[in-house]
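Look at the structure first, then read the notes.

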Amino acid sequence: MFAFVRAAPIKTAGYLTAMCRHAKRLDGRSEVRCDAIAGTALVWRPPTTDDALDYRANLLLHLPEHSAHIRRGAALGLHLLVGVSPAWVEETGSLHAIDNPRNVALFEEARAWVEAWAGVNSVFGARLDLDEAGGAVADIFCAPIFEETHKSGRRRRCVSIRKALDGLQVSYGTAKSYIALQSSWHAWAEHTLDHRLQRGEAAVHTRRRHLSVKAFKEKMKAQDLEADWDGPLVFRS
């Protein structure tokens, strides 16, 4: 059984709108099980919002709350898929049960892990879908905020996923930040969820093809899991 994570930079506000529609099952692209209620999920609601699934609005609330802004051309944040092998969840009940303690634990620890390296209160959206064929994967949306010094000497707070990931890379002494991301989640999950959870072999060693987020989710729906999850992140931040 494995612990794994995939991540992609949030490049536009439109992406957050699309993710909101997907979460609310309004985009016609979700493969909801015939025996499920569409939209069933574990959902975390930021304290300053009324709609936990409106990720675009939540980011717009998140920035002034922390006196931060987004630099021109930089990513708005990071969308992470944080998960474990479905078999681990199924040891204590149904993969799709909202009260399965392992679904709850995975969801809570995924968010806690992101805030451990991206910063406290960096998460502005979190969801673990329970209405599709697959499962055991949490969607986490975060906007890490760091203070920087402008050319004028004035200090300001900005969203920077690169600085957050660079910090992980230094901590783990890896050549690539995405390898550090995998190692970090595995170490966290192994400690907080189950010592039996393994880290997949790095794709730089297996030479397997990097999957897009969409392809990765399709693979998860089929529960056709492989033991390598590392793939490059490309972003400006």
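The axes of helix α1 (residues 13-23) and helix α2 (residues 55-65) come within 7 Å and cross at roughly 130 degrees. This is a predicted model: local features need pLDDT of at least 70, side-chain atom pairs count only at pLDDT 80 or more, and totals for chains, interfaces and linings use all residues. Residues are numbered from 1 along each chain as its sequence is written, and side-chain values use heavy atoms, without hydrogens and water.

**Helix pair**
- Ala-13, Leu-16, Thr-17, Met-19, Cys-20 and Ala-23 of α1 meet Tyr-55, Arg-56 and Leu-59 of α2 (contact means heavy atoms within 4.5 Å).
- These contact residues divide into 7 nonpolar, 1 polar and 1 charged (Ala, Val, Leu, Ile, Met, Phe, Trp, Tyr, Cys and Pro are nonpolar; Asp, Glu, Lys and Arg are charged; the others, Gly among them, are polar).

**Ile-70**
- Ile-70 sits in the loop between β3 (68-69) and β4 (77-84) (helices, H or I, are DSSP runs of at least four residues, and strands, E, of at least two, numbered from the N terminus).
- Beyond four places in sequence, Ile-70 touches Leu-59, Leu-63, Ala-75, Leu-76 and Val-159.
- Ile-70 and Val-159 are 89 residues apart in sequence, yet 5.4 Å apart in space, C-alpha to C-alpha.

**Aromatic rings**
- The structure holds 4 aromatic pairs (ring centres of Phe, Tyr and Trp, its six-membered ring, within 6.5 Å).
- Trp-113 and Trp-185 have ring centres 5.4 Å apart and planes at 55 degrees, so the pair is tilted (stacked is under 30 degrees, edge-to-face over 60, tilted the rest).
- Ring pairs link Tyr-55, Phe-124 and Phe-141 into a cluster.

Definitions and conventions
Axes are lines fitted to C-alpha atoms, for helices over the stretch in contact, and angles run from 0 to 180 degrees between N-to-C directions.
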